[in-house]
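Welcome, and please load the model in your viewer.

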Amino acid sequence: YDGKRPAVEDLTFTALPGQTIALVGPTGAGKSTAIALLHRAFDPQSGFIKIDGMDVRGLKLAALRRNIGVVFQEALLFNRSIRENLLVGKPDATDEELRSAAARAQALDFIDRAEQGFDTNAGERGRMLSGGERQRLSIARALLKDPPILILDEATSALDAVTEAKLNAALDEVMKDRTTFVIAHRLSTIRKATRILVFENGRVIESGTFDELVAQGGHFAELAKAQFMVQESARSALGASASDGPTVKA
């Protein structure tokens with residue numbers, strides 16, 4: 001970004017239809033930059049990105065982004081009704097489609113409990129809703145849009161364990177039959193990824209499945225070991241039996 005050091009370089013990989021590709025690594029390693037290139041937040045100075053064999057720079061920007069859904073860590077909601085926030089994903093959606101998307105995103109229960117249902121105001125940046133509720137609406141919006149490519153950027157990182165469990169169920173639903181890119185710090189959320197790319201200083205330094213990377217005993221294995229040891233010590237502090245071992249949420 002400063003014109004002196006590449007944000008990402010030597011980045012080469014292929015994602016096949018229906019695969020889940022996870023990107024992991026420290027802050028500033030190039031994960032978000034790599035994904036931003038996909039939906040053309042900016043273009044690479046050299047090289048190219050192709051979707052179905054077509055360079056993304058040859059596609060109309062609106063058409064490209066219509067085929068990509070993004071769920072960010074911070075849900076982007078407007079000071080409008082829940083209905084209007086969801087319709088951003090598909091302006092001509094029917095009430096039945098809205099309810100179906102909300103149900104699949106584990107959001108219908110809290111919407112129906114609200115006094116005005118889908119006409120309840122979300123508030124500025126969704127402040128009338130909890131973090132988990134905002135995130136589930138963001139997932140419902142992605143489901144409504146029904147894009148063939150999905151980007152999940154730290155989608156569950158700021159949530160408590162119970163809410164995260166609900167969201168992971170919603171994300172499993174939204175990821176079905178579509179190509180998904182997941183940026184994650186919590187390695188437990190990418191256990192089922194088709195392939196994991198480990199970033200460091202703008203480069204991919206390791207690539208493989210979760211089990212392959214752990215078996216390699218490299219950078220990813222150290223990350224996994226550290227995170228699961230933290231989980232294990234937390235369980236011990238809560239009085240869990242030592243024989244239970246570390247838990248991995250899948």
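A salt bridge here is a side-chain nitrogen of Lys or Arg within 4 Å of a carboxyl oxygen of Asp or Glu. Keep that cut-off in mind for the first stops, and remember throughout that this is a predicted model.

**Stop 1: R83 and D95**

Select R83 and D95 and show their side chains. They form a salt bridge, and the closest N and O atoms are 2.8 Å apart. R83 belongs to helix 3 (residues 82-87) and D95 to helix 4 (residues 95-104), so this pair ties together parts that are twelve residues apart in sequence. R83 has a relative accessibility of 22% and counts as partly exposed.

**Stop 2: R99 and D112**

Stay on helix 4 and select R99 next, together with D112. Their side chains meet in a salt bridge as well, at 3.0 Å from N to O. D112 sits in helix 5 (residues 108-113) while R99 is in helix 4, so the bridge ties together parts 13 residues apart in sequence.

**Stop 3**

Now move to D10 and R203. Here the closest N and O atoms of the salt bridge are 2.3 Å apart. D10 lies in the segment before strand 1 and R203 in strand 8, so the pair ties together parts that are 193 residues apart in sequence. D10 is exposed, at 59% relative accessible area, whereas R203 is partly exposed at 35%. Across the whole structure, a search finds ten salt bridges.

**Stop 4: the sheet**

Switch to a cartoon view. The protein has nine helices and eight strands. Six strands make up an open sheet in the order 4-5-6-1-7-8, with mixed pairing. Which strands stand at the edges? Select strand 4 (68-71) and strand 8 (203-208): each has a single partner strand, so one side of each is left without a neighbour in the sheet. Looking across the sheet, you can follow a twist that averages 20° from one strand to the next.

Now pick out strand 5 (residues 149-153) and strand 6. These two pair in the parallel sense over five bridges. For one of the bridge partners, select L152 and then V182 in strand 6.

**Stop 5: helices across the sheet**

Which strands does helix 1 lie across? They are strand 1, strand 4, strand 5, strand 6 and strand 7 (195-200), and the helix runs at about 150° to strand 6.

**Stop 6: the aromatic pairs**

Show the aromatic rings next. A pair of aromatic rings is described by the distance of the centres and the angle of the planes. With ring centres required to lie within 6.5 Å, the count comes to two aromatic pairs.

Begin with F13 and F181. Their ring centres are 6.4 Å apart and their planes stand at 65°, so the pair is edge-to-face. This pair links distant parts of the chain: F13 is in the segment before strand 1 (20-24) and F181 in strand 6 (residues 179-183), 168 residues apart.

Go on to F210 and F220. With centres 5.3 Å apart and planes at 90°, this pair is edge-to-face, so classed by the angle of its planes. F210 lies in helix 8 (residues 210-216) and F220 in helix 9 (residues 219-237), so the pair ties together parts that are ten residues apart in sequence. F210 counts as buried at 5% relative accessibility, and F220 is buried at 0%.

**Last stop: the whole protein**

The protein exposes about 13,600 Å², of which carbon and sulfur atoms supply 51%. Buried residues make up 42% of its 250 residues. Of the contacts between residues at least 6 apart in sequence, 66% join residues at least 24 apart.

Methods. Residues numbered from 1 in each chain as written. Predicted model: local features only at pLDDT ≥ 70, side-chain atom pairs only at ≥ 80, totals over all residues. Heavy atoms only, no water. Phe/Tyr/Trp six-rings, centres within 6.5 Å; stacked < 30°, edge-to-face > 60°. Helix = DSSP H or I, 4+ residues; strand = E, 2+ residues; numbered from the N terminus. Buried < 20%, exposed > 50% of the residue type's maximum accessible area, 1.4 Å probe, protein only. Pairing = 2+ DSSP bridges. Axes fitted to C-alpha atoms, helices over the stretch in contact; angles between N-to-C directions. Contact = heavy atoms within 4.5 Å. Areas by Shrake-Rupley, 256 points an atom, 1.4 Å probe, with all protein chains shown as cover.
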